[in-house]
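Here's a quick walk through one model, from a ring pair to the core. Have a look at the fold before reading on.

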Amino acid sequence: MHQTRSLDETLVSTAVSQALEDAIAKAKIIQAQPINDIALQLATIELNNAVATFKASIVKGTELDITALETTITAAANLLKGDYETTNQPAEEVDAGQKFTTSDSENDLEDAIDVAEDAAKTVDSVEALNAAIGVLTAAMKKFEASMMMGTFVDVSRLVDDIEDARQKPDGILVKDLTADQVSSEFEFVTSNDLNTFLEAIITAESVAAQYSSKAFIEQEIAKLSDPGRCI
């Protein structure tokens with residue numbers, strides 16, 4: 001549906017405009033080749049009447065299509081409904097993968113929408129309409145450019161598991177044997193399994209220090225669950 005507002009533009013009918021053009025053309029012909037004074041006077045009167053009619057028929061336009069502005073306002077409002085968080089925290093304190101912007105950026109777009117909505121009620125010229133659309137469009141682009149991605153990963157669970165993992169080898173025999181070569185009274189691991197486990201601890205410590213991705217942290221936690229012991 002088209003939305004309209006008052007348009008401050010002068011209009012005149014095609015018929016009246018054509019009548020004036022015809023009167024001007026006729027007057028020029030008689031002026032160039034005057035038949036007699038009476039013909040010249042009649043042409044002058046006809047031209048003056050056409051000019052008077054033309055001036056009297058001029059009216060101001062009453063409609064201005066603001067559909068484009070209304071559409072832009074709707075698009076801007078939809079941006080505020082997007083999947084993002086509003087926070088003034090730095091990216092390293094926002095969950096990794098979470099899109100966010102600042103409250104100032106959000107407020108700027110809200111203010112621009114308010115201004116555009118006021119313009120939709122009061123705009124009375126094409127120039128003003130286009131200017132309102134341009135201002136709001138610029139605000140939308142600025143808002144979209146303000147979006148950032150969080151980088152924070154909670155490594156507390158990984159840190160706890162590292163501490164637990166460091167205690168797992170305590171009291172466990174290290175034997176490069178098979179299970180049937182060791183008494184069932186003893187728990188043991190091979191030196192290769194123990195080295196692999198200790199390397200997993202070192203890797204996990206590096207991950208915890210670097211705030212890596214959540215998926216990678218889950219992977220490292222899984223490696224710390226068992227040192228590869230054999231019973």
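## The ring pair

Tyr 84 and Phe 143 are both buried (under 20% relative accessible area with a 1.4 Å probe, protein chains only; exposed is over 50%, partly exposed in between). This is a predicted model, where local features need pLDDT of at least 70 and side-chain atom pairs pLDDT 80 or more, while totals for chains, interfaces and linings use all residues. Residues are numbered from 1 along each chain as its sequence is written, and side-chain values use heavy atoms, leaving out hydrogens and water.

The count comes to one aromatic pair (Phe, Tyr or Trp rings, six-membered for Trp, with centres within 6.5 Å; planes under 30 degrees apart are stacked, over 60 edge-to-face, the rest tilted). The Tyr 84 and Phe 143 ring centres sit 5.7 Å apart with planes at 75°, so it's edge-to-face. Tyr 84 is in the loop between helix 3 (67-79) and strand 5 (85-86), and Phe 143 is in helix 5 (residues 126-145), so the pair ties together parts 59 residues apart in sequence. Helices (H or I, at least four residues) and strands (E, at least two) are DSSP runs, numbered from the N terminus.

## The core

The largest nonpolar core has 21 residues, and Leu 69, Ile 73, Leu 109, Leu 129 and Leu 136 touch the most other members (a core is buried Ala, Val, Leu, Ile, Met, Phe, Trp, Tyr and Cys joined through side-chain atoms within 4.5 Å). Helix 5 gives this core its largest share, seven residues.

Leaving aside residues up to four places away in sequence, Leu 129 touches Leu 64, Asp 65, Ile 66, Leu 69 and Val 123 (heavy atoms within 4.5 Å).
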